[in-house]
Amino acid sequence: MHALPLPLTKEVVLIGGGHTHALLLRSWGMKPLPGARLTVINPCATAPYTGMLPGFVAGHYPRDALEIDLVRLARFADARMIFGHVTGIDRTGRTLSIEGRAPVAYDVASLDIGITSDMPELPGFSEHGIAAKPLGPFATRWIRHLEEGGGPVTVIGGGVGGTELAMSMRHALGDGEIRVVEADIPLVGMARSSRARLLAELSRQGIELIQNNRVSEVHPDAVVLDDGRELPTKLSVGAAGARPFPWLEETGLDLKDGFVTVGATLQSATDPAIFAVGDCAHLEHAPRPKAGVFAVRAAPVLTANLRAAVSGKQLGAFRPQSHYLKLVSLGRKSALADKWGVCVTGDWVWRWKDRIDRVFMDKLNTLPEMTAQDLPGTRAEGMGLALGPKPLCTGCGSKIGSGILDSVLADLPGHARADVELGPGDDAAILGTGDTRQVVTTDHLRTFWNDTWLFARISALHALGDVWAMGAEPQAAFAQITLPPLAENLQKSWLAEIMHAASEVFQGAGAALAGGHSTIGAEMVIGFTVTGLTRGKATILAGAEVGHSLLLTRPLGSGTILAGEMAGDANGNDVAAALQTMATSQGDAARLLAGCASAMTDVTGFGLAGHLGRMAGASGLTARITLEDIPMYEGAEALCAAGTRSSIWPANRAAASIDLRDSGRSDLLFDPQTAGGLLAALPPDDTNGVLRAVRDMGHDARIIGVFESESEVTVRVD
């Protein structure tokens, strides 16, 4: 009897993508805990590294040098990655609230959400200022400031962070007004010698330091001080200390000045199922200032303790060092080092800091290669060939090639019922009853993304594509769900996420989620059978005429992006952007196209070349497309050029009747698409108006070609 994978029994959730959690993901990937699923929840695909921020502001590093790729780390750890903000914790039910989706269950959870330097109480700051933390929005705003030509800058807060930013800005901007406003005494907490050198450096660089004064109001082009002075400013940056995120007040956890109180095991003083690390935590047993060095040192202890908490083992203690090295960038490639009250400066200190930062980032972004399992020594012939050169892709990349499918369908007997108007070969079957036509289709996908809710949403939209492509209004859906082996409480929480996401999609499309079937298998597979209704004739593959334009509603390249993500080669931001598009409904575009398209399909597993070829063949025409007019997902071309391909790509390429010039971009014509775009043939008089309308709906629609008289190939590429 073939054994299923070991069941999952515990949910370990990381809230936030801070430095400690990033290091934990790396460690977990090298030694996973059987039976535990790891989840990381973060608003973005990447997390910025604070240590390199001054160097980025000064222009020494590009923006992407700061970014820790959480998507790549999550894949390495086989962890679920959820893009979102946690807004609350139900500690009784052990669930996390995330805006816009079903609650996420946890057995143990860890907070590493950092801090904010936002100043909502300061009039005008929310509208016209920018907080230095979180770093992502600040980095974007700084780039815009440079692109707009710079101008006067006011840094609100004269601690180490504020002065370091001011000096970095001076180096990047050269001339111009830069000032630091401190409500009390600047550089509190630094050793006397270090403080004196930094104050002297501010003066030498011509940075104005305003002490014992406060900013009372922020305007679009000025700040107003308590003493009434109005100072011209194009950029107002908040750097006045560490502030906790306000939603922590609603958790019922014990807090110290808004930060989560934890003991030596890094567990909350209130709830042992909640851990906290980094700047959002207050170490009750060993209070320390907010510094990244403690987050890094806490990572091994947190990793061991989370594993222990869900496996019944004893937890260890975190004992942070009393003294730590402070490295402060001076703007140019020079820095100050401070430890034990001793201070040194120089270019060599910056090189030392640069090396420390680069080693840290390389550790997180250059991950160890995990060796594949060897094949059995004695095996049936052909096993290696059947497995292929790499693991089977997920999503539409795992489908059977069209050549095999067509040969099997060709041997089927014709349908015997008169009310079955269209059987195998088109996007869906058409059942006729009087003037009403019901379309019926089914589709399912192997899991390509570990976020159960997001995967279910994309799977539902993918299944709706065939109904929309027939010009029908969705009517009902039936789910087919295979879960991996799970404990019963996890079965319930996973199913709840899946059904919540699917119900939201189908209700939004006007259909009822009417039931379905569930089972346990080797891996998660989600599919849906969907019906739709149309009055009169459905829109099918045939019907295009010479001169009709081709409109595509969505970019190509999702199969390549997903294959690259699976291999750990794709950029996390590119993956997140593609998933966001795939999770967006095309129902509005489908309803518009249903009224004017002469033929329509959706681009899925056989790629654009395959689905367009079927439309052209059914219409008895040749489609001519312009390669440069076809939209592509960001990052797909680079991955394709590097050799990334989906499992079905060779079969799609072999099956296509196409005439094209050699081009790396053209390879994406055979890329399988999950929740791909609608492809519609439009009469010339309708083309421009329909294109404008679909783009106004928010879709990246393009006119990519035109139908011509039939020739020896079904698709020509210019």
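1. Leu266 counts as buried, because its relative accessibility is 1%; buried means under 20% relative accessible area, exposed over 50%, and partly exposed in between (1.4 Å probe, protein chains only).

2. Before you go further, bear in mind that this is a predicted model, where local features need pLDDT of at least 70, side-chain atom pairs count only at pLDDT 80 or more, and totals for chains, interfaces and linings use all residues. Residues are numbered from 1 along each chain as its sequence is written, and side-chain values use heavy atoms, with hydrogens and water left out.

3. Leu187 sits in the loop between strand E12 (178-181) and helix H7 (192-204). Phi of Leu187 is near 60°, again a positive value in a residue other than glycine. With 0% relative accessibility, Leu187 counts as buried.

4. Now for helix H9 (347-365). What span should its 19 residues have? At 1.5 Å a residue the answer is 27 Å, and the end C-alpha atoms of H9 are 27 Å apart, which agrees. The expected span here is 1.5 Å times one less than the number of residues.

5. Which residues of H9 are buried? They are Val349, Trp350, Lys353, Asp354, Asp357, Phe360, Met361 and Leu364. Looking down the axis of H9, you find these buried residues within an arc of 135°, so they line one face of the helix. That arc is taken from the directions from the helix axis to the C-beta atoms. A handy rule goes with this: an α-helix has 3.6 residues a turn, so residues three or four places apart point the same way. On the other side of H9, Arg351 and Arg355 are exposed.

6. H9 also shows up in a surface feature. Trp340, Val342, Val344, Trp348, Trp352 and Ile356 make a nonpolar surface patch of about 630 Å². Strand E24 (342-346) and helix H9 are the elements that give two or more residues to this patch. H9 supplies the largest share, 3 residues. Trp348 lies in H9 and counts as partly exposed, at 44% relative accessibility. Patches are made of residues with over 30% relative accessible area and no salt bridge; like charges are joined within 9 Å, and nonpolar side chains (Val, Leu, Ile, Met, Phe, Trp, Tyr) within 5 Å. The accessible areas come from the Shrake-Rupley method with a 1.4 Å probe, and for residues only the protein chains shown count as cover.

7. On to the sheet. In what order do the 7 strands of the open sheet stand? The order is E32-E35-E31-E36-E33-E37-E34, and the pairing is mixed. Strands E32 (599-602) and E34 (658-659) are at the edges with a single partner strand each, so one side of each is left without a neighbour in the sheet. Two strands pair if DSSP finds at least two bridges between them.

8. Strand E31 (residues 549-552) runs antiparallel to E36 (residues 702-709), with 4 bridges joining them, and Leu551 stands opposite Ile703 in E36. E33 (residues 621-625) and E36 are antiparallel as well, over 5 bridges; the bridge partner of Thr622 in E36 is Glu708. E33 and E37 (residues 715-717), by contrast, pair in the parallel sense over 3 bridges, with Ala623 opposite Val715.

9. Last topic: charges. The structure holds 28 salt bridges, where a salt bridge is a side-chain nitrogen of Lys or Arg within 4 Å of a carboxyl oxygen of Asp or Glu. In one of them, Glu497 and Arg80 have their closest N and O atoms 3.1 Å apart. Glu497 lies in helix H13 (residues 488-508) and Arg80 in strand E5 (residues 80-83), so the pair ties together parts 417 residues apart in sequence. Both Glu497 and Arg80 are buried.

10. Buried or partly exposed: which is Glu208? Glu208 is partly exposed, with a relative accessible area of 37%, whereas Arg179 is buried at 1%.
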